[in-house]
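Please keep the sequence and the 3D view open while reading.

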Amino acid sequence: MKQGLRRAFSKMGLVCGLLFLDAGNAALAADHYIKPDATGNGSGTDWVNAMTAPPSTWIRGDVYYLADGNYPGQVFSTAASGSLPITLRKATPFDHGIETGWVDTLGDGQAVFNGMLEFTSPYWSIDGVTGGGVAHQWHQNFGIRIVEKRDAYALIRINYRGDSHDIRLSHLDLEGKGSVSDQGGYYSNDGIALYNNAENITLSYAWLHETGRCPVFITSAQNVLFEHLYVSSFYGSPAVHSEVMSAGQGPLGDITWRYSLITALKSTGGLMFNNIAQPTSHLYVYGNVFYQPPGVIWDMGNGVIGGWTSTSNAMNNVWVYNNTFINVAQQSLTVLPLLYSGNRAYNNLFVNSQSPDFSRFTEHDYNQFVNAGSTHAELHGTVGSNPDLFIDVNGLNFRLKAATDPGKPLEAPYNRDGWATVRGGDGLWDRGAHEWDAPAVLEPPGNLRVM
Ligand SMILES: [Ca+2]
Ligand SMILES: [Ca+2]
């Protein structure tokens, strides 16, 4: 009965489901509590009686709160029940479910998984709740941390075995082995690795660092979103090649990278995309900053955004809008693929960088070149010489100090930046990752009083 209800429930959708709960069937969705050093009866019904480790079988539709502490790596394999998700959420002083047994020190630190998280079944959500993105200097305050030092294990692996899709991951610190992996084939010490056409995958607010191979490795996948990521280091070698993203040994659907910061580039290159097996799909790259910090060596790869050479690879429909490239001493937009079509570059800001040549991005305009060569005959391309455009480059704050030359207004979802500012809201759509919003003219307030 319960299972039958759950299935019906998921088909009815979230709104109906909530009404259903309000009607008194709260048992359908429960909260559970996990705390490594709990000493109660282990039932997981409150913080006193928390489970001391994640269960081997989870309950569909339920939420599991994780206290600070250490956890082993996991294989998430609980069978699907319709589309009911299983949610793991880091407990915090502000959101920890039941009060019984709770003290804020249980949730003011990190839940650390010591080993790979592997997904072999669908509909999971892992939420560290806090940390990452520009508001946390990209690398601070993560609620969940995953550490995997073994060469043959990714930090997160999805659909390598079983049938896994619809996975949502957020607020995660992902730390690899710290040196080049000795595994260079189908698997390695990658950050997030997607296999066998894994569908509907989102990774938000994550810090990918120290991985022994690729921060992102995709053999084949459909509908993938990466946002608010920080890629600060990874490793490659002549024997074990790596890229910020290696995507496309099989069919590739749409992949989006947005609102992210990439400060590392090793081995073969940056965001590498091969959609020869599904040539109508897109790689959408918008609102990102690609920044080579002083003293940090980037290898000369296939470029920051691009693909591989040879006629078994093609790079089609790579749309590069409103990104900022700083100190890039190689091609920001690759010149290497032999097969390519439909690639675009609009509203980008190239600063102190090698001038892009656009030979593989034949549709381009409204780019701004600051110590980065000529306008390449763009009708609305502009050239500048003052690279002092950003609030605090050393502090990884790439907000603009002032408006850029006007960019080309684009449709949603390109009409917001990574700070959620509406592009062009002040009448001028800026170029680069950040939208500069002219301060509104405020009337002086009346009736001021001391509270
Ligand atoms: Ca604590
Ligand atoms: Ca503006």
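Two strands pair if DSSP finds at least two bridges between them. Helices (H or I, at least four residues) and strands (E, at least two) are DSSP runs, numbered from the N terminus. This is a predicted model, in which local features need pLDDT of at least 70, side-chain atom pairs count only at pLDDT 80 or more, and totals for chains, interfaces and linings use all residues. Residues are numbered from 1 along each chain as its sequence is written, while chains are lettered from A and ligands numbered from 1 in the order in which they are written.

**Overall build**

- The protein chain contains 31 strands and one helix.
- Its radius of gyration (taken over C-alpha atoms) is 23 Å, close to the 22 Å that the globule rule (2.2 Å times the number of residues to the power 0.38) gives for 451 residues, so the chain is as compact as a globular protein of that length.
- The C-alpha trace spans about 70 × 70 × 45 Å along its principal axes.
- Of the 451 residues, 48% count as buried; a residue is buried if 20 or more other C-beta atoms lie within 10 Å of its own, exposed if 12 or fewer, and partly exposed in between, with C-beta atoms placed from the backbone.
- Two residues are in contact if their C-beta atoms lie within 7 Å; among contacts between residues at least 6 apart in sequence, 70% join residues at least 24 apart.

**Strand pairing**

- Strand β2 (residues 63–66) runs parallel to β1 (residues 31–34), joined by four bridges, and H32 has Y64 as its bridge partner in β2.
- Four bridges also join β2 to β4 (residues 86–90), again in parallel, with V63 opposite T87.
- Strand β5 (residues 111–119) pairs with β3 (residues 69–76) in the parallel sense over seven bridges, where Y71 stands opposite F113.
- β5 pairs with β7 (residues 144–147) in the parallel sense over four bridges; here the partner of F113 is I146.
- Three bridges join β5 to β8 (residues 156–158), also parallel, and F119 faces I158.

**Nonpolar core**

- A nonpolar core is a set of buried Ala, Val, Leu, Ile, Met, Phe, Trp, Tyr and Cys residues joined through C-beta atoms within 7 Å.
- The largest one has 112 residues, and I156, L194 and L271 have the most contacts inside it.
- Strand β11 (residues 198–209) supplies the largest share of this core, seven residues.
- Beyond its neighbours within four places in sequence, L271 is in contact with V244, M245, W257, L283, V285 and I305.

**A loop residue**

- S310 lies in the loop between β20 (305–306) and β21 (315–316).
- S310 counts as exposed because it has 12 C-beta neighbours inside 10 Å.
- S310 and L336 are 26 residues apart in sequence, and their C-alpha atoms are 9.0 Å apart in space.
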